[in-house]
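I opened the notebook to record what I looked up about charged side chains and helix packing. The entries follow the order in which I checked them.

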Amino acid sequence: MASGYGLNGGPSRCFPFWQELLSCYVVNSSDDDDSGKRKCVPAMEDYYECLHHRKEAARVKMLQAAYRQSEAKKLQENPPTAGQIRNLGLLDKEEDTKKVLGAS
């Protein structure tokens with residue numbers, strides 16, 4: 001991934017993040033003192049997010065859970081009526097009237 005070449009021969013999607021991280025390490029650290037690497041934590045987080053999309057996946061899961069919860073609440077507060085269920089178009093009109101009237 002860090003080579004800079006993607007699957008199709010061009011630059012990979014995360015190569016700019018890798019370059020930013022590498023330049024941060026070069027500027028902020030030396031052979032004698034590695035304490036400047038702490039300044040590169042945001043760049044490293046950006047690079048890892050580009051590679052793995054963990055924060056994005058967590059946000060998507062959270063949004064999906066909230067959406068499902070709100071939809072379930074709507075159904076509990078306002079359940080569909082029998083007429084709405086019949087009007088879904090899954091049954092023919094003749095079958096529907098037979099089942100409503102109790103005739104088989």
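I began with Lys55, which forms a salt bridge with Glu45; their closest N and O atoms are 3.8 Å apart. The model is predicted, so I treat this distance as computed. I then looked up where the two residues lie: Lys55 is in helix 3 and Glu45 is in helix 2, so the pair ties together parts 10 residues apart in sequence.

I turned to the two helices themselves. The axes of helix 2 (residues 41–52) and helix 3 (residues 54–77) come within 7 Å and cross at roughly 65°. On the helix 2 side, I noted Glu45, Glu49 and His52 in the contact; helix 3 contributes Arg54, Lys55 and Glu56.

I asked how many salt bridges the structure holds. The count is two. The other entry I made is for Glu71 and Lys74, whose side chains meet in a salt bridge at 3.5 Å, N to O. Both residues belong to helix 3, where they are three residues apart and thus separated by about one helical turn. I recorded Glu71 as partly exposed, at 29% relative accessibility. Lys74 counts as exposed, at 51%, because the cut-off for exposed is over 50%.

Definitions and conventions. Residues numbered from 1 in each chain as written. Predicted model: local features only at pLDDT ≥ 70, side-chain atom pairs only at ≥ 80, totals over all residues. Heavy atoms only, no water. Axes fitted to C-alpha atoms, helices over the stretch in contact; angles between N-to-C directions. Helix = DSSP H or I, 4+ residues; strand = E, 2+ residues; numbered from the N terminus. Contact = heavy atoms within 4.5 Å. Salt bridge = Lys/Arg side-chain N within 4 Å of Asp/Glu carboxyl O. Buried < 20%, exposed > 50% of the residue type's maximum accessible area, 1.4 Å probe, protein only.
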